[in-house]
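Thanks for coming. I will go through one model, starting with its core and then turning to the chain contacts.

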Amino acid sequence: MITLTHFLVVSACIFSIGLYTVLSKKNAIMILVGIELMINAAILNFVAFGKYDKVSYGGQIFALFAIVLAAAAVAVGLAIVLNVYRHYNTINPDEVNQLKDK
Amino acid sequence: MESILFYTFAILAIGSALLLVNLKNIARALFLFFIVLFAMAGLYLFALADFVAITQIMVYVGGVLILMLFAFMLSNKELLKDLQDNSGSFLSMPKWQAIPVVLGFLLLMLYGIFEWQQAPSTWIIQSIENGNNITATDNNIHQIGLRFMTFYVLPFEIISIFLMMALIGASHLSRKERTL
């Protein structure tokens, strides 16, 4: 029997791994991957709780909204990454330290 | 049988996520990310969310992963920079500093989950008593479509306009600069 706690523990593990990716990687693409992992953990929580809500289906519908938001975030984020790479020739977030043109 | 499959998917997701973090090769890490997304879609099935699982596979694998591979290939010179270990700012702490932060966060969340398990929310108990939870024989897609067009129509419209804005903005950001 799979209870709600199983889902919550898996989701907590995935969230922590995503947080670790964001904190420790030096590549903007890997940081985006970490953010996606955290969003996926949140979606798993939505879906697991939504199992108990047959009237309004809030969990599944907001899981779909979260997927759409994640896709939009990735599209804009990767466009910014490519622009930063064109300007600085690097995508290490440490070395990107000014907003104006060089 | 059900729990064996669940544990397989959970171990697949967590294991490949751990391997993803520790790999230096970004292309391999992105393909491991693909496996994590598939395993997460399998986990959604266990929460009886079939439509969400299919959407996850279509959106992430069809769109997001391809975009990430493109961005990786267009900024390819960075492949070796990840190996050298210089740090200064918060965003790129060396690993030994990030590990206690993340472990502390994980322990905090696990503590919260097990405290919550002792006395779960009343609406969940009520929903189980009233037979108000989704069962495997329900027609999920029909119900979701109905809710999208009636109860959740305002968030649905807002999210569609937001998505259009984001996509136009992304294509505007990544256009070629015209010299004036």
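First, a term: a nonpolar core is a set of buried Ala, Val, Leu, Ile, Met, Phe, Trp, Tyr and Cys residues joined through C-beta atoms within 7 Å. Buried requires 20 or more other C-beta atoms within 10 Å of the residue's own, with C-beta atoms placed from the backbone. The model is predicted, so to speak of a local feature we need pLDDT of at least 70, and side-chain atom pairs count only at pLDDT 80 or more, while totals for chains, interfaces and linings use all residues. Residues are numbered from 1 along each chain as its sequence is written, and chains are lettered from A in the order in which they are written.

The largest nonpolar core has 71 residues, and those touching the most other members are Ile29(A), Leu44(A), Val47(A), Ala13(B), Val36(B), Leu43(B) and Tyr44(B). Two or more residues each come from H1, H2 and H3 of chain A and from H1, H2 and H3 of chain B; helices here are DSSP runs of H or I, at least four residues, numbered from the N terminus. H2(A) gives the most, 14 residues.

Beyond four places in sequence, Tyr44(B) has contacts (C-beta atoms within 7 Å) that include Leu44(A) and Val47(A) in the other chain and Val52(B) in its own.

Across the chains, 62 residues of chain A contact 74 of chain B. On the chain A side, H3(A) supplies the largest share, 19 residues.

Finally, chain B has 7 helices and 0 strands, and 20% of its 180 residues count as buried.

Methods. A residue is buried if 20 or more other C-beta atoms lie within 10 Å of its own, exposed if 12 or fewer, and partly exposed in between; C-beta atoms are placed from the backbone. Two residues are in contact if their C-beta atoms, placed from the backbone, lie within 7 Å.
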